[in-house]
Amino acid sequence: MTDELPRNEADLVAAAAEFAASEVRPHAAKWEKARALPAEVFQRAAAAGLTSAILPPAAGGGGVSMLCAARMADVLARADFGFAFALKVHANAANAVARRGTDDQCSRLLPDMIGGRRIGAFCLTEPGVGSDATAIACAARKETGGWTVSGEKAWVTNGVIADVLSVYVQTDARAGWRGIANLLVEGGSPGFTRGAPYDLLGGHAAGLCGLTFDACRVPDANLLLPPGEGFKAAMAGINMARMFVAALCCGMLADSLDRALEYGAARMAFGRPILANQGLQWELADVATDLEACRLLTDRAACTLDAGEAGIAECAHAKKFATRAAVRGISACMQAMGAVGLRADEPFGRHFAAAKMCEFLDGTTEIQNVVISRSLLRPFGLDAS
Ligand SMILES: Cc1cc2nc3c(=O)[nH]c(=O)nc-3n(C[C@H](O)[C@H](O)[C@H](O)COP(=O)(O)OP(=O)(O)OC[C@H]3O[C@@H](n4cnc5c(N)ncnc54)[C@H](O)[C@@H]3O)c2cc1C
């Protein structure tokens with residue numbers, strides 16, 4: 001799986017796999033039940049080089065390719081999507097500071113973010129705004145020396161623990177996307193409060209909650225992206241994130257297939273292993289084919305990004321296909337397990353809930369179709385509805 005990666009990148013994927021096996025998988029069911037992820041696990045991930053891999057070397061990062069980062073996400077999600085996604089969101093937040101932040105922001109925030117001592121979050125969605133991100137209403141008013149932020153954010157991954165929050169704000173309600181800026185809100189800022197952790201179908205290690213900003217004062221020094229730059233950066237970030245969601249789905253699907261095969265080879269019914277039944281073999285063969293296709297689409301999206309291209313359609317294809325294949329395939333693997341697949345000490349319940357969540361986050365399946373349709377219609381001078 002890592003044959004085509006250079007040695008240093010293959011080593012990082014191996015480190016991620018080792019971390020997943022020793023630090024994540026044994027605790028995943030417990031974290032799901034406790035509906036929380038211990039903050040120290042980020043520090044252990046940092047020590048294994050997992051928080052900084054995608055950051056540029058000049059900022060103390062590994063500067064790895066998107067292909068390598070996708071493989072890291074894949075092996076971590078095999079153990080637990082909630083943790084893998086929380087780590088990805090954190091690393092992406094640190095990467096945004098490293099690549100777009102001022103020298104002051106980098107020196108103040110990055111060492112603790114890379115060390116996993118301060119956790120990052122991406123705050124775009126609001127209670128009233130999801131797919132149509134241009135409509136965000138969380139407002140930032142310019143005042144001497146800073147900004148006053150008022151509004152709410154919803155569905156914030158790492159929201160329950162994050163203390164470097166990358167918040168998209170509207171600075172001029174009449175300006176649409178051109179008014180959107182990005183501010184770094186630090187935990188403990190007056191006027192900033194977190195809601196209770198969301199009670200969801202699964203994925204609780206991702207620490208989702210809503211946030212409220214009540215005349216929250218943010219200094220000029222924490223402006224990451226000025227009005228006009230915020231929306232473009234959010235869309236570029238979401239595009240890359242879609243490729244990572246596809247990689248996470250590859251991991252969960254691979255783990256489900258491995259477990260269903262292992263169990264099916266040993267479980268006896270009617271005097272033979274259940275895997276001796278052709279009907280079951282073909283169900284799992286279809287999962288294996290889908291998994292191959294998911295990996296190829298994910299790799300293609302990652303390589304397109306590595307080539308410096310926008311890869312908008314490639315990332316949308318990968319996300320749409322991989323999330324659908326994961327929901328369908330994890331369910332098929334669960335079916336092959338019989339009732340045992342329902343047990344909390346098996347991974348299927350966590351993987352299935354997470355795959356369903358992946359159909360919404362970073363743009364729903366329908367929004368991927370809008371993006372793909374746009375690329376199909378462009379040569380005809382038409383836009384997608
Ligand atoms: C696990 C998880 C983690 C998340 N983490 C974050 C995070 O860290 N930060 C953050 O900002 N957000 C986060 N989100 C929010 C996520 O980005 C939104 O859920 C997503 O953008 C969709 O918005 P919505 O759920 O409000 O759906 P809506 O926009 O309300 O859409 C509802 C339905 O209408 C459909 N629809 C909408 N517009 C169209 C259209 N033009 N054509 C066809 N169908 C359409 C949608 O596809 C969907 O089926 C997370 C979500 C989940 C589930």
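Predicted model: local features only at pLDDT ≥ 70, side-chain atom pairs only at ≥ 80, totals over all residues.
User: Let's start with the second largest pocket. What is its volume?
Analyst: Rolling a probe the size of a water molecule over the atoms shows where empty space is left. For the second largest pocket, the volume comes to about 240 Å³.

User: Which elements give two or more residues to the lining of that second largest pocket?
Analyst: The lining has 13 residues, and the closest to the pocket's centre are Ala-29, Glu-32, Arg-343, Ala-344 and Arg-350. Two elements give two or more residues to this lining: helix H1 (7-34) and helix H9 (348-358).

User: And where does the second largest pocket lie in terms of domains?
Analyst: Look at who supplies the lining: domain 1 (7-118) gives residues to it, and domain 3 (231-380) does too. The pocket therefore lies between domain 1 and domain 3.

User: How many charged residues are in the lining of the second largest pocket?
Analyst: Sorting the lining by class gives 5 nonpolar and 3 polar residues. The charged ones number 5.

User: On to cavities. How much space lies in the largest cavity?
Analyst: Searching the whole structure turns up 3 cavities of 30 Å³ or more. In the largest cavity, the space is about 120 Å³.

User: Which residue class has 10 members in the lining of the largest cavity?
Analyst: Leu-50, Ala-53, Ile-54 and Met-72 are among the residues that line the largest cavity, and Lys-88 is there too. Helix H3 (66-79) and helix H4 (81-100) each give two or more residues to this lining. By class there is 1 charged residue and no polar one, and the class with 10 is nonpolar.

User: What about the second largest cavity: how many of its lining residues are polar?
Analyst: This cavity holds about 40 Å³ of space. Its lining includes Arg-35, Pro-197, Tyr-198, Gly-203 and His-204. Split by class, the lining has 4 nonpolar residues and 1 charged, while the polar count is 3.

User: Last topic: are helices H6 and H7 roughly parallel or antiparallel?
Analyst: Two packed helices are described by the angle between their axes and the distance between the axes. Helix H6 (residues 230-266) and helix H7 (residues 278-306) have axes 9 Å apart and pack at an angle of about 155°. That angle makes H6, relative to H7, roughly antiparallel.

User: Is the crossing of H6 and H7 left-handed or right-handed?
Analyst: This is the pair that packs at about 155°. As H6 passes H7, the crossing is left-handed.

Conventions. Residues numbered from 1 in each chain as written. Heavy atoms only, no water. 1 Å grid on protein atoms, 1.4 Å probe; cavity = no way out; pocket = protein on both sides within 12 Å on 5 of 7 lines; lining within 4 Å. Points joined across faces, edges and corners; volume = space filled by probe spheres on them. Helix = DSSP H or I, 4+ residues; strand = E, 2+ residues; numbered from the N terminus. Nonpolar A, V, L, I, M, F, W, Y, C, P; charged D, E, K, R; others polar. Domains from an automatic or database assignment. Axes fitted to C-alpha atoms, helices over the stretch in contact; angles between N-to-C directions. Parallel < 35°, antiparallel > 145°, perpendicular 65-115°, else oblique. Left-handed = near helix turned anticlockwise from the far one by under 90°.
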